[in-house]
Amino acid sequence: MSKVKVGLVQTTCTADKQQNLQKAIEKVREAAKGGAQIICLQELFTSLYFCDEENYDNFQLAEAIPGPSTDELSKVAAELGVVIIASLFEKRTQGLYHNTTAVLDADGAYLGKYRKMHIPDDPGFYEKFYFTPGDLGYKVFKTKFATVGVLICWDQWYPEAARITSLMGAEILFYPTAIGWASTQDVDTNTEQYNAWQTIQRSHAIANGVHVVSVNRVGEEVGLKFWGGSFVSNPFGKVIFQGDHHEEQVTTIELDLDKTDHYRTHWPFLRDRRIDSYQPITKRLIDND
């Protein structure tokens, strides 16, 4: 179909996993009531952002995918007739964990999962302690309403990930995210960081001629103020929805997927790609060694 309504769920979280799941379900219902057909939840929405520290106890938050949370969300998806994009802490087996997003179709069917490929390790974001890099490659999911690509947070900074996912046929790129400002930073630094975050994702929309939907958490947690700011970009980088930086929001916005053909025809970046010249991109650095 040409037009599809997407729902963005931007919320705060608590230390109670079941409470967070039920809150997410309530927000999914709210988005569906507003007409949303594909609803994206933020990164790791069933918990506080536990990667602010290296703590072995936090591995207890992980679960199998499919598993308890996807089972419950599948029932909701089938009941409401909506697609749900759900970011979860995956326990693959004992001692092996991933940052993973599951996609549930409008009939409740589990379509599969994407495991986060790029794993950061910075003060306050110690994700390499918890997550093994994804080994499923980049993924697209053919849902009832659109073919969607899912990437996760740190993946946002890599044009290669957006390009490959788009070339696989994604009509919309979804980015569930958990990113914020350090409480010690000044306003100018915070503003610069948010603008860079949004700009790089808008550039993915432009380069690939697709809509980009980025859903971030909001609220203060230990040492971090998550900046919210969830947004939607059209295929030429225009921000057609801009979320609040401080408040929870459930937003539904209609996308016209025919815009992809319009922009790709008038600005034919894909046509003019020189794929014969791109082999050096697979090197870590182009030097003499």
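In what order do the six strands of the open sheet lie?

**View 1. The open sheet of the predicted model.** The order is β6-β7-β8-β10-β13-β14, and the pairing of these six strands is mixed. At the edges lie β6, residues 140-142, and β14, residues 239-242. Each of these edge strands pairs on one side only. From one strand to the next, the twist averages 20°.

View 2. V140 has its bridge partner in β7, namely G149.

**View 3. Helix α4 on the sheet.** Helix α4 spans residues 187-208 and packs on the sheet. The strands touched by α4 are β8 (172-177), β10 (211-216), β13 (231-233) and β14. Between the direction of α4 and that of β13 the angle is about 35°.

**View 4. The packing of helix α3 with α4.** Helix α3 is formed by residues 159-167. The axes of α3 and α4 are 10 Å apart, and the two helices pack at an angle of about 40°. Their crossing is right-handed.

**View 5. The residues in the contact of α3 with α4.** On the α3 side are P159, A162, R163 and S166. In α4, these residues meet H204, A207 and N208. Sorted by class, the contact has three nonpolar residues, three polar residues and one charged residue.

Notes. Residues are numbered from 1 along each chain as its sequence is written. This is a predicted model: local features need pLDDT of at least 70, side-chain atom pairs count only at pLDDT 80 or more; totals for chains, interfaces and linings use all residues. Side-chain values use heavy atoms; hydrogens and water are left out. Two strands pair if DSSP finds at least two bridges between them. Helices (H or I, at least four residues) and strands (E, at least two) are DSSP runs, numbered from the N terminus. Axes are lines fitted to C-alpha atoms, for helices over the stretch in contact, and angles run from 0 to 180 degrees between N-to-C directions. Contact means heavy atoms within 4.5 Å. A crossing is left-handed if the near helix is turned anticlockwise from the far one by less than a right angle, and right-handed if clockwise. Ala, Val, Leu, Ile, Met, Phe, Trp, Tyr, Cys and Pro count as nonpolar, Asp, Glu, Lys and Arg as charged, and the others, Gly among them, as polar.
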